[in-house]
Amino acid sequence: TEQLVGLNGTIFRDGCLSGIWWEAGAAITMLVTAVVFLPRYMALGLTTTSAFLGERYDLTMRALVSVIFLAYYALVLCPVVLYSGAVAIRRIFDLDSVPLWFVSSLI
């Protein structure tokens, strides 16, 4: 949501095409990463980055990375996605009288 609502909306409003390279570059990077790393992950039977780090280093590193990822998602990513999604839904459906916390709890 933060990409669809934020970056693409800004590019459309400003007409700045350099932001499109950010999206196209991300797609190209995902393809290259999938071609390079996916065969290695599948050969080792790994499904997550923390599992890879656990194999490469030790279980302490795996636990540390898992805690960092979990804290990032809980404290940074989820609130931003819920807030931006709630703002977009309020604007699209003209729900200015509905509290923002209520809209984000529905998401």
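Biologist: What makes the approach of the side chain of Ser104 to the backbone oxygen of Trp101 a polar contact?

Modeller: In this predicted model, the backbone oxygen of Trp101 lies 3.3 Å from a polar atom of the Ser104 side chain. A polar contact is a pair of N or O atoms within 3.5 Å, where, within protein, one must be able to donate a hydrogen and the other to accept it, and where residues adjacent in sequence count only if both atoms are side-chain atoms; the 3.3 Å of this pair therefore falls inside the cut-off. The side chain of Ser104 also reaches the backbone oxygen of Leu100, at 2.9 Å.

Biologist: On what conventions do such values rest?

Modeller: Residues are numbered from 1 along each chain as its sequence is written, and side-chain values use heavy atoms, with hydrogens and water left out. As the model is predicted, local features need pLDDT of at least 70 and side-chain atom pairs count only at pLDDT 80 or more, whereas totals for chains, interfaces and linings use all residues.

Biologist: How do you know in which class of accessibility Pro79 belongs?

Modeller: Pro79, found in helix α4, has 37% relative accessibility and so counts as partly exposed. Leaving aside neighbours within four places in sequence, Pro79 is in contact with Tyr73 and Ala74.

Biologist: Why is Ser50 called buried, and what does its side chain meet?

Modeller: Ser50, in helix α3 (residues 49–56), has a relative accessible area of 11%, and is therefore buried. A polar contact of 3.3 Å joins the side chains of Ser50 and Thr48, while Ser50 is in contact with Arg62, Val65 and Ser66 once neighbours within four places in sequence are set aside.

Biologist: Which residues make the nonpolar surface patch?

Modeller: Leu64, Ile68, Phe69, Tyr72, Tyr73, Leu75 and Val76 make a patch of about 710 Å².

Biologist: Why is Leu44 called exposed?

Modeller: Leu44, in helix α2 (residues 18–44), has 54% relative accessibility and so counts as exposed. Leu44 and Glu55 are eleven residues apart in sequence and 9.1 Å apart in space, C-alpha to C-alpha.

Biologist: What makes the phi of Asp94 worth a remark?

Modeller: Most residues other than glycine have a negative phi. The phi of Asp94 is near 55°, a positive value in a residue other than glycine. Asp94 sits in the loop between α4 and α5 (100–106), and with 61% relative accessibility Asp94 counts as exposed.

Biologist: How do you know where confidence is lowest and where it is highest?

Modeller: By pLDDT, the predictor's confidence in each residue from 0 to 100, helix α1 (residues 2–14) is lowest at a mean of 67, and helix α4 (residues 59–92) is highest at 92. The protein averages 86, and 93% of the residues score at least 70. Where pLDDT is low, the predicted coordinates should not be read in detail.

Definitions and conventions
Helices (H or I, at least four residues) and strands (E, at least two) are DSSP runs, numbered from the N terminus. Buried means under 20% relative accessible area, exposed over 50%, partly exposed in between (1.4 Å probe, protein chains only). Contact means heavy atoms within 4.5 Å. Patches are made of residues with over 30% relative accessible area and no salt bridge: like charges are joined within 9 Å, nonpolar side chains (Val, Leu, Ile, Met, Phe, Trp, Tyr) within 5 Å. Accessible areas come from the Shrake-Rupley method with a 1.4 Å probe; for residues, only the protein chains shown count as cover. A salt bridge is a side-chain nitrogen of Lys or Arg within 4 Å of a carboxyl oxygen of Asp or Glu.
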